[in-house]
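Open the model in your viewer and keep the selection tool at hand. This tour goes stop by stop, saying what to select and what is there.

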Amino acid sequence: MSTGQSRFHVPAPPFRPGDEPDFSSVLDLPKAGEAKRPDPLVKGWDTQELALGLVGVLDHNHQAVGEWNPKLSPEVLREGLSHMVLTRIYDERMLKLQRQGKMSFYMKSTGEEAVAVAGAMALRKDDMVFPSYRQQGVLFARGRNIVDMMCHCISNSRDNLKGRQLPVHYTWAEGNFFTISGNLGTQFPQAVGYAMGCAYKGEDTIAASWIGDGTTAEGDFHSALTLASTYRAPVILNVVNNQWAISTWQGIAVGDAPSFAAKGLGYGLASIRVDGMDFLAVHAATQWAAQRARKGGGATLIEMFAYRGDAHSTSDDPTKYRPKQEYAAWPLGDPIERLKQHLIGLGEWDEDRHAKLEEEMTHLVVRAYKEAESHGTLHDGPLSPTHTIFEDVYETDDWRLRRQRQDLGV
């Protein structure tokens, strides 16, 4: 007979609204440069230290240190900074437009710009990406037309999704950017399946996908890891641990596991926890995982350890579940500021050039929206033609669809 007392346990975040966040009392993170960089073809189980530690390159002085330093040129670093600045300015502008009623919904990626931009820049442009809804930086890094992105968000006549998706649920076939799904987790097994197809055909292209920490509680996460492990799929599976699902602390999804990356070890996958707010670390880890995949080493699970700096979406009020100043207290800082200071330290950037970059990107976004509105607005149209609701579903319309089109006169 047990003498212990059974108690129901619910993980709780370290700070609640009204608290003064002090992460030094709850986070014990390794210093940048401490993690060892193994050969990309290391056995998955031998990446335990990487799954439990933290790969970081930029130290507290914004200097690149350690074996994971990708040694990128100043030109590449400035390109990455430019994409991240554009992503943030675009997000701010689109949020304002949503608040003005010019679009129905929006989701910002504040704090997570490096996750998308550095990840995209470390891949080849013919690699297929299966994103979630906070990877708009991938589109900027791959050269997507901003006007087209905005036209989708306001669902006008130039929306390449013809009004069938929520704003920010982009797709871009020409850029190997798979359609974003509102059903969370579906993209992980899809990415694995695509990667298996690449391997089957003998191609050296790979796939990469991103989900949030909360989505790891979905069955699709485990199905994807099983398939990736069994077939050694050339895929990179990114779990963006930004500390919060829509209103649920990451501890709910991670359970008693020491990290999300550690979950990959149980499937025999190479698993790494990375400072997701460090552009160089994200680039280095993605590059390592891509090399592993192309050489036949199989999949890598990467936990991007970051922080969601703003609301989950325009339907969310984060002040209801966390302190207002929590992002400012986050010990890993801001990805844009960190890369900016790194470039300044190298003598390859300065505050005046940064201010000019922000001004240039602001003008670019403003001009793009004016052009986007020339193709129609959410309230006044023109929208996608009515007949398009019958298209892109069946190769040959059956009699019911033909009758419905006749009834509508389209």
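The stops below run through a predicted model.

**Stop 1: helix H6**

Select residues 187–200. This is helix H6, with 14 residues. From first C-alpha to last it reaches 20 Å, close to the 20 Å expected at 1.5 Å a residue.

Now colour its buried residues: Gln-187, Phe-188, Ala-191, Val-192, Ala-195 and Cys-198. They sit on the same side of H6, because they cover an arc of only 140 degrees around the axis. An α-helix has 3.6 residues a turn, so residues three or four places apart point the same way.

What do the buried residues of H6 pack against? Show strand S1 (128–130), strand S2 (207–212), helix H7 (219–231) and strand S3 (235–241) to see their partners.

Then step past the end of the helix. H6 is followed by Gly-202, which has a positive phi, near 75 degrees.

**Stop 2: Asn-238 in strand S3**

Stay with strand S3 and select Asn-238, which lies in it. Is Asn-238 buried or exposed? Asn-238 is buried, at a relative accessible area of 2%.

Display what surrounds Asn-238. Beyond its neighbours within four places in sequence, Asn-238 is in contact with Phe-188, Ser-209, Trp-210, Ile-211, Ile-302 and Met-304.

**Stop 3**

Select Cys-151 and Cys-153. How many disulfides does a search of the whole structure find? The search finds 0. Cys-151 is in no disulfide, and the nearest cysteine sulfur, in Cys-153, is 9.5 Å away. That is too far for a bond. Cys-151 is buried, with a relative accessible area of 0%. Cys-153 is buried too, with a value of 1%.

**Stop 3: the loop between H5 and H6**

Move to Ser-155, in the loop between H5 and H6. Most residues other than glycine have a negative phi. Ser-155 has a positive phi, near 55 degrees, and is not a glycine. Ser-155 counts as buried, at 17% relative accessibility.

Go on to Lys-162, also placed in the loop between H5 and H6. Lys-162 is not a glycine either, yet its phi is positive, about 55 degrees. At 27% relative accessibility, Lys-162 counts as partly exposed.

**Stop 4: salt bridges**

Side chains of opposite charge can pair when their charged atoms come close. A search of the whole structure finds 24 salt bridges. Here are some to select.

Begin with Arg-164 and Asp-392, whose side chains meet in a salt bridge at 3.3 Å, N to O. Arg-164 lies in the loop between helix H5 (146–153) and H6, and Asp-392 in the loop between helix H13 (351–373) and helix H14 (399–408), so the pair ties together parts that are 228 residues apart in sequence. Arg-164 is partly exposed, at 40% relative accessible area. Asp-392 counts as exposed, at 58%.

Next, select Asp-316 and Arg-308. They form a salt bridge with the closest N and O atoms 3.8 Å apart. Asp-316 counts as buried at 13% relative accessibility, and Arg-308 is buried at 1%.

Now pick Glu-337 and Lys-340, which meet in a salt bridge at 3.2 Å, N to O. Both lie in helix H12 (residues 335–345), 3 residues apart, about one turn of the helix. Glu-337 is partly exposed at 34%, whereas Lys-340 is buried at 6%.

For a group, select Arg-144, Asp-148, Arg-158 and Glu-371. Salt bridges that share partners join these residues into one network.

**Stop 6**

Select H13. Its 23 residues should span 33 Å at 1.5 Å a residue, and its end C-alpha atoms are 33 Å apart, which agrees.

Which residues of H13 are buried? They are His-354, Leu-357, Met-361, Val-365, Ala-368, Tyr-369 and Ala-372. Their cover includes helix H2 (74–99), H5 and H12.

Finish at Pro-382, in the loop between H13 and H14. Most peptide bonds are trans. The peptide bond from Gly-381 to Pro-382 is cis, with omega near 0 degrees.

Key
Residues are numbered from 1 along each chain as its sequence is written. This is a predicted model: local features need pLDDT of at least 70, side-chain atom pairs count only at pLDDT 80 or more; totals for chains, interfaces and linings use all residues. Side-chain values use heavy atoms; hydrogens and water are left out. Helices (H or I, at least four residues) and strands (E, at least two) are DSSP runs, numbered from the N terminus. The expected span of a helix is 1.5 Å times one less than its number of residues. Buried means under 20% relative accessible area, exposed over 50%, partly exposed in between (1.4 Å probe, protein chains only). The arc is that of the directions from the helix axis to the C-beta atoms. Contact means heavy atoms within 4.5 Å. A disulfide is a pair of cysteine sulfur atoms within 2.5 Å. A salt bridge is a side-chain nitrogen of Lys or Arg within 4 Å of a carboxyl oxygen of Asp or Glu.
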